[in-house]
Amino acid sequence: MVDFPGVTGKMCNWENVEAVTGAKGALEVLSKHSQIYIATGAADSTELEIQRAFERVGLSQFISGYFCKANLGLSKGSPEFLNSILDKLEVHSENVAMVGDNFDKDIKPAISAGIQPYWFTSKNIESASDNVKVIKQLSELYL
């Protein structure tokens, strides 16, 4: 989802919501052979409210579940947040990938939790650490 600077409140109530370019195509392909979960830092929204935002842009049909502060009791940006999700899903970290656009809140915690990180960024990054895969388009996840 596009996080518009300066827009506050629950995303499900925003006047305009927008999916990241390529998200629908990527989710459509990936959800055929993988379960997709959303791990969000939306601290003031419930799981249902987050789902409603994804429904507004036609993405919820590809999502198996949503994790947030409201249902985990932890804020996004820490390995504990991700480890709590792994525990709830009863999966091992080596069987999980994390796609994130924020290096500090997504990529670093994924590395600490032993999850394969995909850094989705428009920055010109030649390479990151050995285990971080840098992508500029979501289609790189399946092409």
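Visitor: Where in the chain is Ser-45 placed?

Guide: Ser-45 sits in the loop between S1 and H2. The model is a predicted one, and what follows is computed from it.

Visitor: Why does Ser-45 count as buried?

Guide: The cut-off for buried is under 20% relative accessible area. Ser-45 has 5% relative accessibility, so Ser-45 counts as buried.

Visitor: Which residues is Ser-45 in contact with, leaving aside its neighbours within four places in sequence?

Guide: Contact requires heavy atoms within 4.5 Å. By that criterion Ser-45 is in contact with Lys-10, Met-11, Ile-50, Cys-68 and Ala-70.

Visitor: Are Cys-12 and Cys-68 buried or exposed?

Guide: The limit for buried is again under 20%. Cys-12, at 10% relative accessibility, therefore counts as buried. Cys-68, at 0%, counts as buried too.

Visitor: What makes a group of residues the largest nonpolar core here?

Guide: Membership takes buried nonpolar residues joined through side-chain atoms within 4.5 Å. The largest such set has 17 residues, and the members touching the most others are Leu-27, Phe-54, Ile-63, Tyr-66 and Leu-138. Two or more residues each come from helix H1 (23-30), helix H2 (47-56) and S4. H1 gives the largest share, 4 residues.

Visitor: Which residues does Tyr-66 touch, not counting those up to four places away in sequence?

Guide: Tyr-66 touches Ile-38, Glu-47, Ile-50, Gln-51, Phe-54, Ser-60 and Asn-71. There is also a second, separate core of 11 residues, which includes Ala-39, Leu-72, Leu-82 and Met-98.

Visitor: Leu-82 is in helix H4. Which residues of H4 are buried, and what covers them?

Guide: In H4 (residues 79-89) the buried residues are Phe-81, Leu-82, Ser-84, Ile-85 and Leu-86. Their cover includes strand S1 (37-39), strand S2 (65-67), helix H3 (69-72), strand S3 (97-100) and helix H5 (103-113). Just after H4, Glu-90 has a positive phi of about 55 degrees.

Visitor: How do you know that S3 pairs with S4?

Guide: Pairing requires at least two bridges. S3 and S4 have 4 bridges in the parallel sense, and Val-99 stands opposite Tyr-118 in S4. Strand S4 (residues 116-120) also pairs with S5, in the parallel sense over 3 bridges. There, the bridge partner of Phe-120 is Ile-135 in S5.

Visitor: Why are S3 and S5 said to stand at the edges?

Guide: The open sheet has 3 strands in the order S3-S4-S5, paired in parallel. S3 and strand S5 (133-135) each have a single partner strand, so one side of each lacks a neighbour in the sheet. On average, neighbouring strands are turned by 25 degrees against each other, direction ignored.

Visitor: What makes the unit of S3, H5 and S4 a β-α-β unit of a given hand?

Guide: Viewed with the strands pointing away, a clockwise path from the first strand over the helix to the second is called right-handed. S3, H5 and S4 make a right-handed unit. H5 lies across S3 and S4 and runs at about 160 degrees to S4.

Note on methods:
Residues are numbered from 1 along each chain as its sequence is written. This is a predicted model: local features need pLDDT of at least 70, side-chain atom pairs count only at pLDDT 80 or more; totals for chains, interfaces and linings use all residues. Side-chain values use heavy atoms; hydrogens and water are left out. Buried means under 20% relative accessible area, exposed over 50%, partly exposed in between (1.4 Å probe, protein chains only). Axes are lines fitted to C-alpha atoms, for helices over the stretch in contact, and angles run from 0 to 180 degrees between N-to-C directions.
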